[in-house]
Amino acid sequence: MIAKHLVTLELPKILDRLARACSFGASADLARTLHPTADMVEAQRRIAETSEARKALEAIDTLGIGGARDIRDLARRAGRGGMLEPSELLEIGDTLRSARNVQRSLAKHAELYPALFEITSLLNPLVELADDIARTIDDRGEVRDNASPALGRIRSAVRIAHERLMQKLQRMVSGESAQYLQEAIITQRSGRYVIPVKADFKGRIPGVVHDQSSSGMTLFIEPLAVLDLNNEWRGLQMEEEIEIQRILVAISGRVGAERDALVRNVAQLAQFDLALAKAKYGEESHAVAAQLLSGSEKSGAVFAIKQARHPLLPEERVVPIDILLEKGTRILVITGPNTGGKTVAMKTMGLFAAMTQCGLHVPAEQAELPVFSALYADIGDEQSIEQSLSTFSAHITNVVSFLSKVDGQSLVLMDELGSGTDPIEGAALARSILEYLLATGSVCVVATHYAELKSWAALTDGVANANVAFDVKTLRPLYKLTIGLPGRSNAFAIAQRLGMLSEILDAAQGHTAQDQLRSEDMLTRIAQLQRQTEAARDGARRAERAAEKNADHLRHRLKDIDQERRMVLEQARDEALREVESLRNEVRALRNRVTAAGGSSIADVREIEALVATVEDGTRKPADVRLPQENPNRTEPDRAIAPSTGPLPSGQVRPVVMAPQTKRRLQANDSVRVRSMGVEGTIAAVMGGEAEVLIGRLRTMVKLSDLERVRRAEPEPVHENKYERGFREDSPGMELDMRGMMTEEGIARIDDYLDKATRAALPWVRIIHGKGTGALRTAVRKAIKANPNVLTFENGEEGEGGDGVTVVKLRPE
């Protein structure tokens, strides 16, 4: 690929736009130096990488290189023994953290995004170096007090000396000396603390004059009374600077030792960011991945683009075009009026080929392209005054420079071939060049006004005509490319519309060969029929799009209906649970009545037993069931109830009726065994079909069906002070669901929820914010980061909500 021809096709402008989509300088440099590959496998890899990146960005909206910087120069300077400033070390630390985060993120989705994973798997996050930098430099780019024991001691002494100095000066400016001051303030000059003394009272406050005001009315004096304190403070400051320099030299040495690894990390991050930039550019331009076709055989070359839009033209001005070279077609001859879109069509073809072989998606509805080994373009006015070349000479010079290099894998684009000289000779030369290119098997597109080339294209195998449409009534081009028919110059029609005298036009037509005029008239009629056909096809397309829109609407409606169905089922389930609870309460009441019915008849007791069984089966008691009156004399419940106390007939045994018992529900403070985990714990709370179980200091939600009671809860003794028995606040639950909340409302609830969760000794909690646009998630994580109860936080796993959930690890109280 020769750079000159890529410039002609305006590929560098596309790459500049791509560079602007990159996140840091290293990837932007890669974007600007991107070059089309002539290798089919590499081109396919590049396109697949871009497609994969688009899917990844859609699924993981936090995907990116974060705070990574191009630290290669810093690493090389440290490798040569140079000392890095704190802010520069902070950039290195941020870059290493970004490398670690990117690598972790893609490791979780290695099977979904193998190409991106392959790039990030080569990263070396240098965890120890990153941690050392973080322990040494804070987020403001300053060396921490605890960077070394010596620095901690020195800074403590600096603070004490400074405090003593300021106290002494404050007493002076607020005491008797205040009358000699211009203002009761303390300021600095040349790193020394001074006070502003009126020039007339210079002798009243002995000291060293460090400066004076522009008017000379104020002297900035360091009083002798604080001279020693100022000296002590400045001396400690110098010790601090020396210790800081020693620390920076040491950690810069660590950076220098990892120079090569750091440079490689930047290179890999740049490759990863470039893939994301390609994906972003593709999304912004509504582009598609081109399908690559083999063009090794002359009869097998296919170049097909549907609704192609030139990527450098404004969206409101661009008119999509279709370009199709059917099997066996190697040369396309485009004719038609000037400014009709011939050049744009050729540049679109060449630019799409170059973009595809760079791994970029192309702005079209569909694209099928071969991989070209070379792109040659002779487009535009090549006139050179310096070289004394005419337009014709400049064009021919350019064509000669590549003609001998063209082969069956080349794409050749030529505008106004043979123009700028005698039309007869120019047409003959243009035809000979095209015949030569046809023999090479290359794909060639040429724009021309020569009628001879139209006829040659119509009669030659492997060559096709094409035209750009022109509206004679408005004298405006329609920028539509039509394959299969040659175009007309429309010179007579344009001249007539512009007011040319009719006798002149008649004379001109008389000078034109009759065969040519008949051909032009035939072309006009064919073009009219073609426009009618295209209008019908466009109508069919509109109908198809309308049908697709209706289908999308129906799909969304069905989705809404399915959501409504699930909501109704959920409400029905909740109602059923409440119904079951009501039935259970009724069973308990009936049992109490049975227990109290010691003096009832056998029939009454049996009637009650039948009623209990009915309720336990989940049905309501019949309306005509009569309950016996309670025995007011009965005070002690018996498990066995004697149905009658009267004498029995001879030979009969008094039956003993056992009151039916049900299994008591699990409740708070019950000791239970978690079957799936094989461990024991204590129920903290029961919520619906789940229980919050305390296992040591771990709290977790477990389904009731997975629990087995070990022993019942013992009544707790009453305490006057709940803190005397190791009180912990009731758990707020392991989850906070913020979906549907406004951002301000959700943020207001976070601190209260995390505070309660910490006091309840929860080790971790889950905050559900959903994915959406990412605004709520960003605000939530900002609030979490600022909360003192939070130890760490991270995305949820795939099975628990992924990016829609933040798992927060809490500090032990």
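Q: Before we look at the helix pairs, how are the axes defined here?
A: Axes are lines fitted to C-alpha atoms, for helices over the stretch in contact, and the angles between N-to-C directions run from 0 to 180 degrees. Please note that this is a predicted model.

Q: Understood. At what angle do H9 and H10 cross, and within what distance do their axes come?
A: The axes of helix H9 (residues 149-174) and helix H10 (residues 227-257) cross at roughly 155 degrees and come within 9 Å.

Q: Are those two roughly parallel or antiparallel?
A: H9 and H10 are roughly antiparallel to each other, because angles over 145 degrees count as such.

Q: And is the crossing left-handed or right-handed?
A: The crossing of H9 and H10 is left-handed.

Q: Which residues meet there?
A: On the H9 side they include Ala 150, Leu 151, Ile 154, Arg 155 and Lys 168. Among their counterparts in H10 are Leu 229, Trp 233, Glu 240 and Ile 247.

Q: Changing topic: what about H2 and H3?
A: The axes of helix H2 (residues 11-20) and helix H3 (residues 25-32) come within 8 Å, with a crossing of roughly 165 degrees. H2 is therefore roughly antiparallel to H3. H2 passes H3 in a right-handed crossing.

Q: Which residues make that contact?
A: Leu 15, Asp 16, Leu 18 and Ala 19 of H2 make the contact with Ala 28, Ala 31 and Arg 32 of H3. These residues divide into five nonpolar, no polar and two charged.

Note on methods: Residues are numbered from 1 along each chain as its sequence is written. This is a predicted model: local features need pLDDT of at least 70, side-chain atom pairs count only at pLDDT 80 or more; totals for chains, interfaces and linings use all residues. Side-chain values use heavy atoms; hydrogens and water are left out. Helices (H or I, at least four residues) and strands (E, at least two) are DSSP runs, numbered from the N terminus. Angles under 35 degrees count as roughly parallel, over 145 as roughly antiparallel, 65 to 115 as roughly perpendicular and the rest as oblique. A crossing is left-handed if the near helix is turned anticlockwise from the far one by less than a right angle, and right-handed if clockwise. Contact means heavy atoms within 4.5 Å. Ala, Val, Leu, Ile, Met, Phe, Trp, Tyr, Cys and Pro count as nonpolar, Asp, Glu, Lys and Arg as charged, and the others, Gly among them, as polar.
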